[in-house]
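Hi there,

Here is the structure I promised to pass on. Please have a look at it first, and then read my notes below.

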Amino acid sequence: MTDAQPAHPALALDETVHQRIRLGILTVLAETAECAFTTLRDQLQLSDGNLSRHLRVLEEAGLVEIRKGYEGRKPCTWLKLTRQGGAALRREIAALEQLLERMRTTDALE
């Protein structure tokens, strides 16, 4: 019988969360209770269409809640991280931290 090696930390990265724009979206939303679409778009320097496409993926995965309404007479979209989204972001960060620690302990970056 051989000793089983622990899974590589990269295997814990979530394909939905790890994409750089979606990771940015989740990180910005984790910093606030709710965020306007335009604020998020401007912070991440995205087009409306690009941001919408990534939000659709995150919403379908249950990681982001999208609420549409009005601010006065102007249509507005607000975004919020769901509990599931917060948990997914924490798991992603933990996996990234494990990767960094692995690299530090093996001196692979020197």
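First, the ground rules. This is a predicted model, in which local features need pLDDT of at least 70 and side-chain atom pairs count only at pLDDT 80 or more, while totals for chains, interfaces and linings use all residues. Residues are numbered from 1 along each chain as its sequence is written, and side-chain values use heavy atoms, with hydrogens and water left out. Helices (H or I, at least four residues) and strands (E, at least two) are DSSP runs, numbered from the N terminus.

Let me begin with helix α2, residues 20-30, where eight of the 11 residues are buried (under 20% relative accessible area, with a 1.4 Å probe and protein chains only). Among them are R22 and G24 as well as I25, L26 and L29. Q19 caps the N-terminal end of α2, placing a side-chain oxygen 2.8 Å from the backbone nitrogen of I21.

Beyond its neighbours within four places in sequence, L26 is in contact (heavy atoms within 4.5 Å) with V17, L58, L63, V64, L81 and L89.

Next, the helix pair α3 and α4. Their axes (lines fitted to C-alpha atoms over the stretch in contact, with angles from 0 to 180 degrees between N-to-C directions) lie 10 Å apart at an angle of about 105°. The two helices are therefore roughly perpendicular (65 to 115 degrees). F37, L40 and R41 in α3 meet D48, L51, S52 and L55 in α4.

On to the strands, which pair if DSSP finds at least two bridges between them. β2 (residues 64-71) runs antiparallel to β3 over eight bridges, and Y70 stands opposite P75. These strands form a hairpin with two residues between them, and G72 in the turn has a positive phi of about 70°. β1 (residues 35-36) also pairs with β3 (residues 74-81) in the antiparallel sense, over two bridges; here C35 stands opposite L79.

Lastly, T77 sits in β3. At 16% relative accessibility, T77 counts as buried. Its contacts beyond four places in sequence include C35, F37 and I66.

Best wishes

Notes: Buried < 20%, exposed > 50% of the residue type's maximum accessible area, 1.4 Å probe, protein only. Polar contact = N/O pair within 3.5 Å; in protein donor to acceptor, adjacent residues only side chain to side chain. Parallel < 35°, antiparallel > 145°, perpendicular 65-115°, else oblique.
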